[in-house]
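Here is a short briefing on one protein chain. Look through the sequence and the model before reading on.

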Amino acid sequence: SNTSGWTKYIPSGMKSYWYPSGDPDNKTVLGLENDPACYVLGDHWRMPTKEEFQELIDNCFVEWIQLNGVNGIKFTSKKNGNRIFLPATGYRTMDQINNVGSDGFYWSSSLHTGAPDHAYNLTFSSTEVQALSNYRFTGRTVRPIFMVKVTGVGLNATSLSMLQREAYTLSAIITPYNAYDHSVSWESDNTEVAMVDATGKVTAVGKGDAIITARTTDGGFTATCSVSVQTVDVAVPQSIDLGLSVQWASFNLGATKPEESGHYYQWAGTRDVSDTSIFLDWKNCPFHTSSMDEKTGWLKYIPSDMSSYWSGSGSPDNKMVLDPENDAAYVDLGDSWRMPTKEEFQELIDNCSVEWTQLNGVNGRKFTSIKNGNSIFLPASGCRNEGVINSATFSGTYWTLSLNIQYPYTAYSLYFHRNNFEVKSLYKRSNGLSVRPVRPEFLSEH
């Protein structure tokens, strides 16, 4: 039966097709040991995948012609004008070769996972060209493709200095650039210091040193990155219950008392930028390239419909709330703390009496809960911009987790001065603002 008795190349969900004991092998692409192109021509050659046949169709002008009296299809590249000719070879079944001169059938290496007694092939006639599937037992011709082999690998960073709970994604740089197989595996030699996942994302776990190794699937070439992780030394605030959806920290991140400004952070940044000898602009803004244009050059936190802002690979990431590893409160204080959302700041405003006052001689806003009478004080810590701290003692600005999706070079913050307080998108992601952490009573997935 074509739907039972198979001993290789059966998806895991198709056990009725499987003959050996145990589960199906879940192999859906020919291994080189079963690829006639590799067997005949050597390990630089293989059969094309279904997707590569589709790429050929999509990127070539396709013409039914004769070459030396033989019917077939000429594929002429839209990119460089080079061309190949595939003769109409027909197909072999039972004891016959059929449709020679009128049709072409060329195997791909791709199994049909929904009907695994079939595999995909390129099928064409004088009127159409498409990738279809047919029974695995039939005989079809093979047009090999050449695999450029990997000769080396590098990384986008060879050393990292990280804080506990920070993350950084390493990228493997394959040589040559047009090598067929760009896949790599990742390994950490000390997972108690730094862990790495299958995408190259390194997460700092604990103090110490580790080596991250990338290894190419093709050739086994390796590249390494040394990682040094430091723990964060900041005071841990008390959590104040105001009867709201989250509990609020008793003082700012990096402070030790409610009236202290504490540290300043760029949005999505986890390092203190209080030092005014460092000029803050787009060149040192997290996840932005060196471009001075805030409306281009972004590598993270851009809505999907804002592609003009994006300079990363592929489409915008559509992330509109900070990931934990880019949240200064989470990085400095741990799992039970994070920055507030714009909705949580609005909840604070809506459920508190708010007054401009002084605490130990420091101007700021006191928020007193109308639900239980508890209160917190937010000092007027100003804003860190370019080479100065502006408006300290006159106004306060506090980051939220929330990106402004209309103008994604900005993010939402709580802004207040003597006469006003509101949640608004007033500051650019490159500015350094204060952070007042929150502690959810029931931790969200963030």
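The notes below go from the whole chain to single residues.

This is a predicted model, in which local features need pLDDT of at least 70, side-chain atom pairs count only at pLDDT 80 or more, and totals for chains, interfaces and linings use all residues. Residues are numbered from 1 along each chain as its sequence is written, and side-chain values use heavy atoms, with hydrogens and water left out.

**Overall build**

- The chain has four helices and 30 strands. Helices (H or I, at least four residues) and strands (E, at least two) are DSSP runs, numbered from the N terminus.
- The C-alpha trace spans about 95 × 50 × 40 Å along its principal axes.
- The radius of gyration of the chain is 30 Å, while a compact globule of 446 residues would have one near 22 Å. This radius is taken over C-alpha atoms, and the globule rule is 2.2 Å times the number of residues to the power 0.38.
- Of the 446 residues, 45% count as buried. Buried means under 20% relative accessible area, exposed means over 50%, and partly exposed lies in between (1.4 Å probe, protein chains only).
- Accessible areas come from the Shrake-Rupley method with a 1.4 Å probe; for residues, only the protein chains shown count as cover.
- Take the contacts between residues at least 6 apart in sequence: 50% of them join residues at least 24 apart. A contact means heavy atoms within 4.5 Å.

**Salt bridges**

- How many salt bridges does the count come to? The count is twelve. A salt bridge is a side-chain nitrogen of Lys or Arg within 4 Å of a carboxyl oxygen of Asp or Glu.
- Asp218 and Lys149 form one of them, with 3.2 Å from N to O. This pair links distant parts of the chain, 69 residues apart. Asp218 is in the loop between β18 (208-216) and β19 (222-230), and Lys149 is in the loop between β10 (145-146) and β11 (152-155).
- Asp218 counts as buried because its relative accessibility is 13%. Lys149 is partly exposed, at 24%.
- Lys300 and Glu325 form a salt bridge too, and their closest N and O atoms are 3.8 Å apart. Both residues lie in the loop between β21 (246-249) and α3 (328-333), so the pair ties together parts that are 25 residues apart in sequence.
- Lys300 is buried at 13% relative accessibility, and Glu325 is buried at 12%.
- A network of salt bridges links Lys201, Lys300, Lys319, Asp323 and Glu325.
- Lys424 and Glu422 meet in a salt bridge of 3.4 Å, N to O. Lys424 is partly exposed at 25% relative accessibility, and Glu422 is partly exposed at 29%.

**Cysteines**

- The structure holds zero disulfides. A disulfide is a pair of cysteine sulfur atoms within 2.5 Å.
- Cys285 is buried, with 4% relative accessibility. Cys225 is buried as well, at 0%.

**Surface spots**

- Tyr39, Val40 and Leu41 form a nonpolar surface patch with about 400 Å² of accessible area together. Patches are made of residues with over 30% relative accessible area and no salt bridge; like charges are joined within 9 Å, and nonpolar side chains (Val, Leu, Ile, Met, Phe, Trp, Tyr) within 5 Å.
- Tyr39 lies in helix α1 (residues 36-41). Tyr39 counts as exposed because its relative accessibility is 73%.
- Ser102 sits in the loop between β6 (96-98) and β7 (104-111). Ser102 is partly exposed, at 33% relative accessibility.
- Leaving out residues up to four places away in sequence, Ser102 touches Trp64, Ala88, Phe124, Ser125 and Ser126. The C-alpha atoms of Ser102 and Asn71 are 7.2 Å apart, though the two residues are 31 apart along the chain.

**Backbone exceptions**

- Most residues other than glycine have a negative phi, and most peptide bonds are trans.
- The peptide bond from Thr175 to Pro176 is cis, with omega near -5°. Pro176 lies in the loop between β14 (172-175) and β15 (184-188).
- Tyr9 has a positive phi, near 65°. Tyr9 is in the segment before α1 and is buried, at 8% relative accessible area.
- Tyr301 has a positive phi of about 65°. Tyr301 lies in the loop between β21 and α3 and is buried, at 0%.
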